[in-house]
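Reader: I am new to this structure and would like to go through it in steps. Could you guide me, please?

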Amino acid sequence: MDFDIFKRRSGIETQIDEFLNRVSEAGLIFKGAVVDYLKGDLETFVLKRDRLHEAERQGDVLRRELELMLFTKTLIPESRGDVLELIENMDTLLDHYKGAMWKIDIEQPRICDEFHEDFKELVEYGVEAVESTVCACRAFFRNIDTASAHMDKVIYWEKKSDVVSTRLQRAIFRREDLRLSHKRHIRDFVRFMEKIADEAEDVIDRLSIYIVKRAL
Amino acid sequence: MFLFFLSSGLFLGWSLGANDAANVFGTAVGSQMISFKRAAVLCGVFVILGAVISGAGTSDTIGKLGTVNAMAGAFIVALAAAVSVYLMTVLGYPVSTSQGIIGAIIGWNLFTGTLIDYTSLTKIVSSWIACPILAAIFSMILYKLVVFCIKTFKIRMFKLDTLTRYGLIIVGIFGAYSLGANNIANVMGVFVPVSPFRDISFMGIFSLTSAQQLFLIGGITIAIGVITYSKRVMMTVGTGIMKISPVSAFVAVWAHSIVLFLFASQGLEHFLISHGLPSIPLVPVSSSQAIVGAVIGIGLLKGGKGIRWKTVGGISVGWVVTPLLAALISFISLFFFQNVFQQQTYKPVEYIVSAAAIERIENQGIPTDKLKGMLGNKYSSAFQFNKALKERLSLRLDDTSFIMESTEYHKMEITGAAIRFLDSKWFTEEQIKALEKLDGQVFIHTWMMDEALAGISPSWRIKKDDRLFSRRLKEKIDRIHDLFHTR
């Protein structure tokens, strides 16, 4: 008789928590790094880029361990597929942070001062959306009834993100002194940042189905 | 020879293990909550324990429906049940040995001309209707309770997973025990009256009655059925027929086990009787019916949309067809066995219209004018006697039963040598002394001896207000009827 399954449970719960912590941490690093970039502090930006890269790597390791554990220990067989998908989706958000950092690092877009506030706001909403997604995920594992409140917040941040993105793109293309190529370059970044909240929303759409499937 | 005849019962036990174990552990194994190995070991062990410890209750009911009094008859009855269950299983219907064995006994009754005890039959058939309904009610209540606990204590997903695993193991063990206790009568019940085994005492620590030895053998074959063949059925039940969550599976198995236990527990019956409460009949019910009822209960609680009523209808038809099929197979096989293989499939029970019997019937207030015309007549079967009665009299069912009971020819001679065979721990000193007073007397009807004993000592009198005492006394009376029986 295996009495270690209690330990196994607490082990896997800690792993999931750790993984979600990495996603939250990556959001905070990402937000700070964008601010540093906009300030022109490239040295700190690079440091944060590397920290985020490390967080993403740790996240990948945890994800693989979790997948292995769920399958080999045949835990939560009825929701295993859903949980694996959820963890992979969260990992995609982590990847998106990393991708955005490298994109900034490689392409070094010239963002005009007048767009800085909107740009920071856009990043802020994206990170908030992801953070609410993390909370919804934790609720899914801990207290499924409270998950919907966090999911509502994701939708709220996604809408705010859409509004800022539209405003920002309009402002970019209204500037007559910028070349079209410059405008399109900044627009690309705006879209890339906006996608963070969109992806967070996609994750909670799927999460809502997993919750319905687990409904008692 | 007995072991050869027992083989059909062993086959029936094996098929019970292969099929019905899936009702207990199928959902857990199918949904990978418990490994098959662990499920098979737990199921096997607890089926055996349930059969040996608590198997006696339902066997009595089977015995009342028809005492298959010859080994070859018991062989055919068990074989007919096993074949019909096997055929229905091949067709994909989740049937139980309960339905098979009852049908097969009725086939034996019809073949031998024994009158069917409609009181017992009604009790059994109504329990088949009550069983899924009760299971559905229990599963609804338990499901509500479980959901309330999960929500109140905010149980996390992984903790719930762990608790469900333990829960499935515990209710599975309970279910296996109840299955053994309730269904062993299906497998071995018909062999109890013809068993050549004697009671065995193990160094005075515990003893096994002849019936318990049979139940042990039956329990072992059920366990072998579980280990050798139930995996496929478990996987089918767990993944195919019922796609339900582990929590629902836990509740369904729990409800199923409670129902099986209720219909098998002599302890509970004694408790209810001793507190003056109405008792639950001890009847072998179908574990398939119980599990299907429990799942429907949960389905109804969730709005009923997920229930495939067409499948439920098909299953219900299977429940009706199985006893009919078993009766038919039993009847035809008995005919062949008796006439082609020249095997005695039953010991004829004769009826004689004696003066004493007429007097007893008259005292009961039943008109005996036409019966007196039959004085001294002997009939070779219940069917013939019943036919003769019907030609002359129009009687109520109760009166017919009373006349049959009063006229059944069962010659007994009380001898000192036979009295010494009685277990002095079971029979009281007063009861044995009363028997000794009748030493040398001969009775042609069982009731004559019963009345003679009751006249000598109150220890042989049925107490209408003490059902427990009366039931135990009835067991002793049955024992002495067999012991002093002469041909």
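This is a predicted model: local features need pLDDT of at least 70, side-chain atom pairs count only at pLDDT 80 or more; totals for chains, interfaces and linings use all residues.

Reader: Which residues line the second largest cavity?

Author: The lining consists of E78(A), R214(A), M33(B), L160(B), D161(B), T164(B), P246(B) and V247(B). On a 1 Å grid over the protein atoms alone, a cavity is a set of points where a 1.4 Å probe fits but cannot get out, and lining residues have an atom within 4 Å of a point.

Reader: What is the volume of the second largest cavity?

Author: Its volume is about 40 Å³. Grid points are joined across faces, edges and corners, and a volume is the space filled by probe spheres set on the points.

Reader: Which helix supplies the largest share of that lining?

Author: Helix 7 of chain B does, with three residues. Helix 7 (157-188) and helix 9 (246-262) of chain B each give at least two residues to this lining. Helices (H or I, at least four residues) and strands (E, at least two) are DSSP runs, numbered from the N terminus.

Reader: How many cavities of 30 Å³ or more are there in the whole structure?

Author: The search finds three. The largest cavity contains about 60 Å³ of space.

Reader: And what lines the largest cavity?

Author: Its lining is made up of E13(A), I16(A), D17(A), L20(A), R138(A), F141(A), R142(A) and R156(B). By class, three of these residues are nonpolar, none is polar and five are charged. Helix 1 of chain A provides the largest share, four residues. Helix 1 (5-39) and helix 4 (116-142) of chain A each contribute at least two residues.

Reader: How many helices and strands does chain A have?

Author: Chain A has six helices and zero strands. Along the principal axes, its C-alpha atoms fill a box of roughly 75 × 35 × 20 Å.

Reader: Turning to chain B, at what angle do helix 1 and helix 2 cross?

Author: Helix 1 (residues 2-30) and helix 2 (residues 36-54) of chain B cross at roughly 155 degrees, and their axes come within 10 Å. Axes are lines fitted to C-alpha atoms, for helices over the stretch in contact, and angles run from 0 to 180 degrees between N-to-C directions. The two helices of chain B, helix 1 and helix 2, are therefore roughly antiparallel; angles under 35 degrees count as roughly parallel, over 145 as roughly antiparallel, 65 to 115 as roughly perpendicular and the rest as oblique.

Reader: Which residues make that contact?

Author: A21(B), F25(B) and V29(B) of helix 1 of chain B meet F36(B), A39(B), L42(B) and C43(B) of helix 2 of chain B; contact means heavy atoms within 4.5 Å. This contact has seven nonpolar residues, no polar ones and no charged ones.

Reader: How does helix 1 of chain B lie against helix 4 of chain B?

Author: The axes of helix 1 and helix 4 (residues 71-90) of chain B come within 8 Å and cross at roughly 25 degrees. These two helices of chain B, helix 1 and helix 4, are therefore roughly parallel. The residues of their contact comprise 14 nonpolar, five polar and no charged.

Definitions and conventions:
Residues are numbered from 1 along each chain as its sequence is written. Chains are lettered from A and ligands numbered from 1 in the order in which they are written. Side-chain values use heavy atoms; hydrogens and water are left out. Ala, Val, Leu, Ile, Met, Phe, Trp, Tyr, Cys and Pro count as nonpolar, Asp, Glu, Lys and Arg as charged, and the others, Gly among them, as polar. On a 1 Å grid over the protein atoms alone, a cavity is a set of points where a 1.4 Å probe fits but cannot get out, and a pocket is an open set with protein on both sides within 12 Å along at least five of seven lines; lining residues have an atom within 4 Å of a point.
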